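Please look through the sequence and the model below before reading on.

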Number of protein chains: 2
Amino acid sequence: MSMEAKDPEMLIADAAVQESITEEQQQFFLDNGFLVIRNVLRGAELELIQAEMMKLVDQGAAGMAGDPDYSYGTGVKSGGRILKRIEYVIDKSDPMKALLGQPFILRSVEKLQGRNFIPTWDSMVLKMPDEGIIVPWHRDAEVPEGADPAKPIFNVDFYLDDADLRSCLWVIPGSNRWSQEQAALRCKREGFDTSDAIPVPMRAGDVILHDITVVHGSPSGDGNALRRTVYYEFRPGDTEAEFGPHTLEYLSLKQHMLVDCLERRKAAGYAKGETAFEYRPHGAFRLHGVRKPPTYRYAHADYWRQG
Amino acid sequence: MSMEAKDPEMLIADAAVQESITEEQQQFFLDNGFLVIRNVLRGAELELIQAEMMKLVDQGAAGMAGDPDYSYGTGVKSGGRILKRIEYVIDKSDPMKALLGQPFILRSVEKLQGRNFIPTWDSMVLKMPDEGIIVPWHRDAEVPEGADPAKPIFNVDFYLDDADLRSCLWVIPGSNRWSQEQAALRCKREGFDTSDAIPVPMRAGDVILHDITVVHGSPSGDGNALRRTVYYEFRPGDTEAEFGPHTLEYLSLKQHMLVDCLERRKAAGYAKGETAFEYRPHGAFRLHGVRKPPTYRYAHADYWRQG
């Protein structure tokens with residue numbers, strides 16, 4: 001793919017007809033730092049998750065100021081306090097637990113990161129109607145020096161609403177292969193310059209895989225519709241074990257949580273007929289037995305390596 | 001210390017008057033691969049542990065053939081089936097849980113391995129009266145290539161009975177610094193040749209720290225008294241995390257078990273007046289909160305990295 005904006009060669013996967021991403025799509029992701037997958041959430045599951053997340057949005061909008069999981073910004077139109085992000089959505093809703101077991105996604109994660117992948121963050125980011133707060137150009141994070149570049153760290157962005165040109169994500173294809181300095185320089189550019197970027201309009205139920213190092217953002221909204229996007233991040237086990245940021249204890253806790261969510265997915269009516277994902281961590285990451293998670297909210301701050 | 005047998009310069013620690021091993025004793029251990037510590041178990045604790053372990057010996061001697069934790073050999077005198085080893089003694093007795101929290105020992109382990117040490121094996125090895133089965137010259141295991149040589153892997157051997165020249169351990173001082181080939185050659189020598197070794201007679205309550213790579217053994221007994229020795233092994237966390245043999249999951253499970261045993265020790269009457277050890281793992285090994293161990297028997301085979 002060339003770096004031209006709106007290049008028609010953009011590869012797009014389709015979960016309605018594929019079992020996981022193809023090798024070609026995998027290579028597209030490695031080259032460009034993102035990949036669109038259509039139709040990951042469909043029918044009953046999409047409706048259920050939309051309803052579940054609407055409940056959280058309504059609660060958050062009504063005011064959950066005392067709760068650290070709800071964060072707020074300043075709305076572009078009203079200037080008021082506007083809900084912008086909710087953390088730990090898996091803990092807050094059972095269908096989000098089953099979503100962690102989504103087999104197309106996990107088979108694709110396994111292809112990209114190997115068998116020892118670890119689920120890390122789970123959050124929902126919001127653009128409230130007419131109040132879409134700008135997300136300036138940024139990388140989510142840098143990859144630790146020395147980490148295996150063949151195993152990217154990335155987010156799975158589940159779109160619960162359509163995202164048109166007024167609210168959608170813009171990415172700079174290939175910026176995942178830039179140096180840290182190059183990316184920092186580009187992100188400093190004034191305004192929301194899209195000259196070297198492409199928009200990624202989405203339909204509800206579609207997914208973007210985005211490398212944490214791809215430069216991306218979205219413009220300030222005005223006249224935008226509600227856009228709810230759920231982010232599940234995954235990291236290769238080896239990278240986490242060697243470099244963190246989480247402690248080793250965190251890794252097996254999240255692995256057991258994943259195993260539990262896979263069992264929950266099997267029990268979901270809407271997952272009937274799909275081939276369940278089988279998590280097969282090996283070597284240092286092998287798990288013994290089944291441990292019912294005492295919580296689905298392993299707060300990051302409790303498991304940093306500081307101290 | 002020279003390599004002469006029965007060298008009078010052997011340094012010996014004394015838990016009755018020290019808080020932990022001194023720097024000089026630490027250096028002696030690094031140079032020679034072993035260190036004797038007198039009076040670790042005393043008074044009520046020694047008596048209680050002797051009684052507890054006697055119960056296990058009696059059960060094992062009566063026959064626990066179906067239980068994989070009890071193993072048997074052929075007695076040298078009777079030729080009969082003789083109890084020789086019992087695994088997972090911490091699981092089988094509460095005073096053994098409190099013993100894992102012994103502060104002199106843990107302060108010394110921390111000095112030798114750093115703050116992130118992990119308790120691994122816990123076993124009792126027996127020489128039954130008059131039936132002392134020979135333990136041929138051996139290293140317990142080799143250290144993984146690439147592991148930090150400044151942080152030795154070692155066993156803490158708690159003697160519950162006196163061990164005289166008929167039953168005691170013999171070590172070859174400094175053989176922990178030999179190559180694998182040199183050690184293998186020495187261990188092949190016929191008979192129980194003690195020309196380059198020293199005997200380590202012990203009193204009940206004394207401890208030997210022995211590096212897993214020091215060449216050691218004990219002769220066949222005849223006329224020997226009962227000798228019960230409990231082995232607690234410790235490994236530096238970094239070495240375990242990088243090389244195994246256990247999975248990463250095992251490490252935090254055993255860390256939480258250690259924390260629990262420290263709490264149990266504080267509650268023991270005989271630990272009154274001693275300064276409790278504070279376990280302060282850091283970096284990747286930091287622990288969050290307190291997790292009551294669901295078991296005290298994390299079977300090694302369940303946590304190997306194979307597969």
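## A covered helix and its ends

Helix α5 of chain A is followed by A:G114, a residue whose phi is positive, near 90°. The model is a predicted one, and that should be kept in mind throughout what follows. The helix α5(A) covers residues 103–113 and is mostly covered itself, since ten of its eleven residues are buried. Among these buried residues are A:P103, A:F104, A:I105 and A:L106, and the list also includes the charged residues A:R107 and A:E110. At the N-terminal end, α5(A) is capped by A:Q102, which places a side-chain oxygen 2.9 Å from the backbone nitrogen of A:F104.

A:Q113 belongs to helix α5 of chain A as well, and with a relative accessibility of 2% this residue counts as buried. What does the side chain of A:Q113 reach? The side chain of A:Q113 comes to 3.4 Å from the backbone nitrogen of A:R235. If neighbours within four places in sequence are left aside, A:Q113 is in contact with A:K151, A:P152, A:I153 and A:F154, and also with A:F234, A:R235 and A:P236.

## Salt bridges within the chains

Over all chains, the count of salt bridges comes to 46.

| Pair | N to O distance | Relative accessible areas |
|---|---|---|
| A:R38 and A:D206 | 2.7 Å | A:R38 16%, A:D206 1% |
| B:D69 and B:R297 | 2.7 Å | B:D69 5%, B:R297 29% |
| B:D196 and B:R186 | 2.8 Å | B:D196 22%, B:R186 4% |

The side chains of A:R38 and A:D206 meet in a salt bridge. A:R38 is part of strand β2 (residues 34–38) of chain A, while A:D206 lies in the loop between β9 (198–200) and β10 (207–211) of chain A, so this pair ties together parts that are 168 residues apart in sequence. A:R38 is buried, and A:D206 is buried too.

In chain B, a salt bridge joins B:D69 to B:R297. This pair links distant parts of the chain, for B:D69 sits in the loop between α2 (43–63) and β3 (70–74) of chain B, whereas B:R297 is in the segment after α8 of chain B, 228 residues apart. B:D69 is buried, but B:R297 is partly exposed.

B:D196 and B:R186 form another salt bridge. Here B:D196 stands in the loop between α6 (180–188) and β9 (198–200) of chain B and B:R186 in helix α6 of chain B, ten residues apart. B:D196 counts as partly exposed, while B:R186 is buried.

Salt bridges can also be joined into a network, and in chain A such a network links A:D94, A:K97, A:D260, A:R264 and A:K292.

## Cysteines without a disulfide

How many disulfides does a search of the whole structure find? The search finds zero disulfides over all chains. For A:C187, the closest cysteine sulfur is that of A:C168, and because the two sulfurs are 17 Å apart, they are too far from each other for a bond. In chain B, the sulfur of B:C187 is likewise 17 Å from the closest cysteine sulfur, in B:C168, and this is too far for a bond. A:C187 is partly exposed, with a relative accessible area of 22%, and B:C187 is partly exposed with 23%.

## Where the two chains meet

The size of an interface is often given as the accessible area lost when the parts come together. Between chain B and chain A the buried area is about 1,900 Å², and carbon and sulfur atoms give 48% of it. Three residues, B:E249, B:R286 and B:H288, supply 35% of the area that chain B buries against chain A, which is more than any other three residues. In terms of contacts, 22 residues of chain B touch 22 residues of chain A.

Two salt bridges are found across this interface. A:R291 forms a salt bridge with B:E249, in which the closest N and O atoms are 2.6 Å apart. The interface also holds 16 residue pairs in polar contact. Helix α8 (residues 248–267) of chain B gives the most to the side of chain B that touches chain A, with five residues. Sorted by class, this side of chain B has nine nonpolar, eight polar and five charged residues.

Methods. Residues are numbered from 1 along each chain as its sequence is written. Chains are lettered from A and ligands numbered from 1 in the order in which they are written. This is a predicted model: local features need pLDDT of at least 70, side-chain atom pairs count only at pLDDT 80 or more; totals for chains, interfaces and linings use all residues. Side-chain values use heavy atoms; hydrogens and water are left out. A disulfide is a pair of cysteine sulfur atoms within 2.5 Å. Buried means under 20% relative accessible area, exposed over 50%, partly exposed in between (1.4 Å probe, protein chains only). Contact means heavy atoms within 4.5 Å. Buried area is the accessible area (1.4 Å probe) that two parts lose on being put together, summed over both. A polar contact is a pair of N or O atoms within 3.5 Å; within protein, one must be able to donate a hydrogen and the other to accept it, and residues adjacent in sequence count only if both atoms are side-chain atoms. Helices (H or I, at least four residues) and strands (E, at least two) are DSSP runs, numbered from the N terminus.
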